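Take a look at the model below. The text after it walks through the structure step by step.

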Amino acid sequence: MGYKTIIGLEIHVELMTKTKIFCNCTNEFGGEANTHCCPVCLGLPGAIPQLNEKVLEYGIKAGIAFNCDIARKTKMDRKNYFYSDLVKGYQISQDDIPLCSNGYVEIELEEGTKKVRLDRIHIEEDTGKSVHTETGDTLLDYNRAGVPLIEIVTKPDMNSAEEARLFLEKLRATLKYIVFRKIKSHIKIY
Amino acid sequence: MDIIDLKAWEMKEKLLNREISSREILESHLNRVEEVEKDINAFITINREKALLDADIIDKKIKNGEEVGALAGIPIGVKDNIMTKDLRTTAGSKILEDFISPYDATVIKKIKENHGIILGKTNMDEFSMGGTTQSSYFGPTKNPLDNTKVPGGSSGGSAAAVKSKEVPLSIGSDTGGSIRQPASYCGLVGIKPTYGLVSRYGLIALSNTLDQIGVFGRDVQDAVLMLNVISGKDQRDFSTMDSKALDIESLEKVDSLKGIKVALPKEFFLGEMDDRVKAEMDKSINIFKDLGATIEEIDLPSVKYALETYHIITSGDISSNMARFDGIRYGYRAKDYETLDELYINSRTEGFGEEVKRRILFGTYILSGHRGKEYYDKALKIRTKIIGEFNNVFSKYDIILSPTSPNLAFNLGEKRSEIYSRNEALFQMPVNLAGLCAISVPTGNKEGLPVGLQIIGDRFKEIDIIKAAFAYEGMVK
């Protein structure tokens, strides 16, 4: 077999800030459907997003922990697509100027330390949740709409499932320690 | 004198002196609405019941000797793209025909805190896309001065409502001339404030970096009264700044413009211009000279690209901003659909009018793939160039003068040539592209359709254009 395993990962991490990324709604997992919502996170006409400073702070902390360059000037961009759990018809994310870039995570292999390079870490908002019922209906819960995320993108530097596992463990442990040590159980990697 | 003939500031004086009551003010305006609406169609929704309750509350406050706000008892028209809680907000579109907002726009909160009375929601081009108020789903608004003419747009309902004395004051929005042009066509004072002076929270976005809420009044003082209430920093709109720039308290009516340096951009006078506008402009220049201002011709070479720049930026923004109207959470949903895609397609096909669809298509096209760089990014560069040229002018001059529009109000249903639209765009769009403030003041011609004089000021220099407008108005009244 002439094939070589090459793995790159894109990881979304939910930030457990008190409030959502662009409004003052509580950022809380679960809860009765559509109770943690306001005109901003519901994307109602006329509403204007307002960036939560904590999201920026957490994003930068992660960037520093993973040896990234931190952008001196950054911006948000719109990613346009239609889906019923996407309230505005676009996701507010970062495109050409991510908050953090060019980092790395070191993992320990038998043959020594390996650097897995990070392409970028950017901040963005989560979408709502579609709930598909047995009767074939789709229900929509927007409690999660506007929950802050960081997206971590690696270079294709891992060459086995074991390396990917080690990378994720290191990443998870670091994030827990630097950003969320008080709320350990709330880190989700998916 | 009938109450509706009074200016807002006069009404307020009489109200505070207890010569008239808030209820009397409101009822006289509601009667006027009854009388003229069938001919004018300035309003989409009338807020009769709630407005009457509000008026009674204000009368009670005055009776009890309580403090009342700056707009106490003044009936106000609100453009229907500004969110009003419990009162429908349609944006002139079928897709929002039954939409009732759960929240108030910041400007509405401020109006309510100052005891202004929202009499109704005014007609507009659908989602502000147009300059005639003919693209409204709720039928065209007519110019109160001549019912065969358009009132201008897109805030045509707000202009017509004030001109026809259905309300003394109204608010509109201006993305590329949508307040100044109808003010000019209807013979009113209209102010497009600096980008960032008035909160956009609760204004349906057309083009986010160009939109600004502004005001209509029958004289400068009325317009300023309204502007003063709605300006100021808002936590919910990060582009807003503290409005100390607009120090109304220190503003006294001026009758001299000695020492004021006025710039006349050559580029504004190269194209076709209605003879009547030309004549009024010449008179106006002489009035400014008589007032003691110095006037010099200047160059703004890049404004000739304003129309293309504006349409590329706004259409790009529109294609994205209109995406939320998908029939899922609120607004119109098609009756027939099998799949999710059909739900979107049918709802938007049936819900949006022609002009909105045209701009969504154009915007989507120019943002797709490599075209984003080719068009949108280039338009942003030209915009920066235009801003630079204005900065240069304002480093040497206080204000810029031009006609608000090279044209007069034209016939309803009349198809205008591309050159006609292009000429008009030249006078209005650069102000939004550069985030400047501008006021349109009637020139005072006594016969025929009105002409507007546009006074453009630097960012957050509202005080400069208002002073000039006061002085000019004093001379032409």
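In which loop of chain B is Phe127(B) found? Phe127(B) is found in the loop between strand 3 and helix 5 of chain B. Keep in mind that this is a predicted model. Phe127(B) has a positive phi of about 50°, although it is not a glycine. Most residues other than glycine have a negative phi. Phe127(B) also counts as buried, because it has 30 C-beta neighbours inside 10 Å.

The loop between strand 3 (117–122) and helix 5 (156–163) of chain B is also the place of Ser154(B). The peptide bond that leads from Gly153(B) to Ser154(B) is cis. Its omega is near 10°. Most peptide bonds are trans.

Another loop of chain B runs between strand 2 (75–79) and helix 4 (106–113), and Ala91(B) has its place there. Ala91(B) is not a glycine, yet its phi is positive, at about 60°. With 31 other C-beta atoms within 10 Å, Ala91(B) is buried.

Now turn to the sheet of chain B. Eleven strands form an open sheet, in the order 1-3-2-4-6-5-10-11-9-7-8. The pairing is mixed. Strands of a sheet pair through backbone hydrogen bonds, either parallel or antiparallel. Which strands of chain B stand at the edges? They are strand 1 (43–46) and strand 8 (294–298). Each has a single partner strand, so one side of each is left without a neighbour in the sheet. From one strand to the next, the twist averages 25°.

Look at one pair inside this sheet. Strand 9 (residues 399–403) and strand 11 (residues 452–457) of chain B run antiparallel, and five bridges join them.

Helix 8 (residues 275–290) of chain B lies across strand 7 (261–265), strand 8, strand 9 and strand 11. Helix 8 runs at about 150° to strand 9 of chain B.

Stay with helix 14 of chain B. It has 15 residues and reaches 21 Å from its first C-alpha to its last. That is close to the 21 Å expected at 1.5 Å a residue. How many of the 15 residues of helix 14 of chain B are buried? Eleven are, and the helix is mostly covered. Among them are Ile465(B), Ile466(B), Ala469(B) and Phe470(B), but also Glu462(B), Asp464(B) and Lys467(B). The buried residues of helix 14 pack against helix 7, helix 8, strand 9, strand 10 and strand 11 of chain B.

Next comes Ile439(B), which lies in strand 10 of chain B. Ile439(B) is buried, because 34 other C-beta atoms lie within 10 Å. Leaving aside neighbours within four places in sequence, its contacts include Ile465(B), Ile466(B) and Ala469(B), as well as Val189(B), Ile191(B) and Ile455(B). Ile439(B) and Ser184(B) are 255 residues apart in sequence. In space they are 9.9 Å apart, C-alpha to C-alpha.

In soluble globular proteins, nonpolar side chains tend to be buried together. The largest nonpolar core here has 164 residues. Those with the most contacts inside it are Ile76(B), Ile399(B), Ile455(B), Ile465(B) and Ala469(B). The largest share of this core, eight residues, comes from helix 7 (residues 220–230) of chain B. Beyond four places in sequence, Ile399(B) is in contact with residues including Ile260(B), Val262(B), Ile455(B) and Ile465(B).

Where do the two chains meet? 20 residues of chain B are in contact with 14 residues of chain A. On the side of chain B that touches chain A, the residues divide into twelve nonpolar, two polar and six charged.

Chain A has an open sheet of five strands, with antiparallel pairing and the order 1-9-6-5-2. Strand 1 (10–14) and strand 2 (69–70) of chain A stand at its edges. Strand 6 (residues 112–125) and strand 9 (residues 148–154) of chain A pair over seven bridges. There, Arg120(A) stands opposite Val153(A). Helix 1 (residues 53–65) of chain A packs on this sheet, at about 165° to the direction of strand 6. Helix 2 (residues 161–178) of chain A packs on the sheet too, touching strand 1, strand 5 and strand 6.

Notes
Residues numbered from 1 in each chain as written. Chains lettered and ligands numbered in written order. Predicted model: local features only at pLDDT ≥ 70, side-chain atom pairs only at ≥ 80, totals over all residues. Core = buried A, V, L, I, M, F, W, Y, C linked by C-beta atoms within 7 Å. Buried ≥ 20, exposed ≤ 12 C-beta atoms within 10 Å, placed from the backbone. Helix = DSSP H or I, 4+ residues; strand = E, 2+ residues; numbered from the N terminus. Contact = placed C-beta atoms within 7 Å. Nonpolar A, V, L, I, M, F, W, Y, C, P; charged D, E, K, R; others polar. Pairing = 2+ DSSP bridges. Axes fitted to C-alpha atoms, helices over the stretch in contact; angles between N-to-C directions. Expected span 1.5 Å × (residues − 1).
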